[in-house]
Amino acid sequence: MTGELLVFLFLFLVTITGGLLMINLTKVIHMMMALVLTFLGIAGLYVMLSAEFVAVVQVLIYSGAITIIMLFGIMLTKHSEEESKTSWAKKGLVLTGITVFFLIVFKGIRTVSLGPQAESLHENNTEQIGMMLFTDYVIPFELVSVLLLVALVGAIIIAKKDDPDDKEGEQS
C-alpha cells in the first residue's frame, strides 16, 4: 500500500464522513461544519489530482464564502421547530438508490475512454485556466456571472419578503 493510496483513503473517509454527518445531524451549525469538512476533503482530493488552483478555489469559495452565505440564508429565513421523522422504509429506499447510483457511476467510470493522457495539464494549470476562461470561454464565463448576480438579487428579495402575519401582529 503506497502513501498516495493512504492519503486518498484518508481524504475519501473525511469527505464521506462529512457528507454523512451533514445529512444526519440536526443542528444547522453542526450541519454546516460537516459540510465544510466535506469541502475540505474534496479540496484535498483536488490537490492529489494536481489541480491546485481548483483546490484553492474550493477552499476559498465553497468552504468559506458559500458556507457563510448559507448560514446567512438560514438565519434570515424562518424555520419551525417541528421535526419530521423519516421511516426506515424511506431510509432503506434512499440507501438502495444511492447504492444503485454508485454502482452505475462506478461501472461508467471503469468503461469510459478518455483518450490519450494530457501530460501538460498539471503544469501552470492556473495560467491555462485563465487563458481558456478569457479566450475560448469568455461568453459562458460572463453568462455565469450574470446568473449568479440574478440569484443573489433573488435571494435578497426572498429574504426581505414580508410575512403578512407579522404585519398584523405589529399593528395590534
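In which helix is L20 found? In this predicted model, L20 belongs to helix α1, which covers residues 3–24. L20 is partly exposed, with a relative accessible area of 46%. L20 also contributes to a nonpolar patch on the surface.

Aromatic pairs were examined next. A pair of aromatic rings is described by the distance of the centres and the angle of the planes. The count comes to four aromatic pairs. One of them joins F8 and F12, and this pair is stacked. The ring centres of F8 and F12 are 6.4 Å apart, with 20° between the planes. Both residues lie in helix α1. Four residues separate F8 from F12 in position, about one turn of the helix. F8 is partly exposed, at 36% relative accessible area. F12 is partly exposed as well, at 39%.

F134 and F141 form an aromatic pair that is edge-to-face. Here the distance is 5.4 Å centre to centre, and the planes make an angle of 70°. F134 is exposed, with a relative accessible area of 55%, whereas F141 is partly exposed, at 32%. A ring also takes part in another arrangement: K91 lies over the face of W88, at 4.6 Å from the ring centre.

Helix α2 spans residues 28–48 and includes T38. The relative accessible area of T38 is 11%, so T38 is buried. Leaving aside neighbours within four places in sequence, T38 is in contact with T15, G18 and G19.

Notes. Residues numbered from 1 in each chain as written. Predicted model: local features only at pLDDT ≥ 70, side-chain atom pairs only at ≥ 80, totals over all residues. Heavy atoms only, no water. Patch = residues over 30% accessible without salt bridge, like charges linked within 9 Å, V, L, I, M, F, W, Y side chains within 5 Å. Areas by Shrake-Rupley, 256 points an atom, 1.4 Å probe, with all protein chains shown as cover. Salt bridge = Lys/Arg side-chain N within 4 Å of Asp/Glu carboxyl O. Helix = DSSP H or I, 4+ residues; strand = E, 2+ residues; numbered from the N terminus. Buried < 20%, exposed > 50% of the residue type's maximum accessible area, 1.4 Å probe, protein only. Contact = heavy atoms within 4.5 Å. Phe/Tyr/Trp six-rings, centres within 6.5 Å; stacked < 30°, edge-to-face > 60°. Lys NZ or Arg CZ within 6 Å of the ring centre and 35° of its normal.
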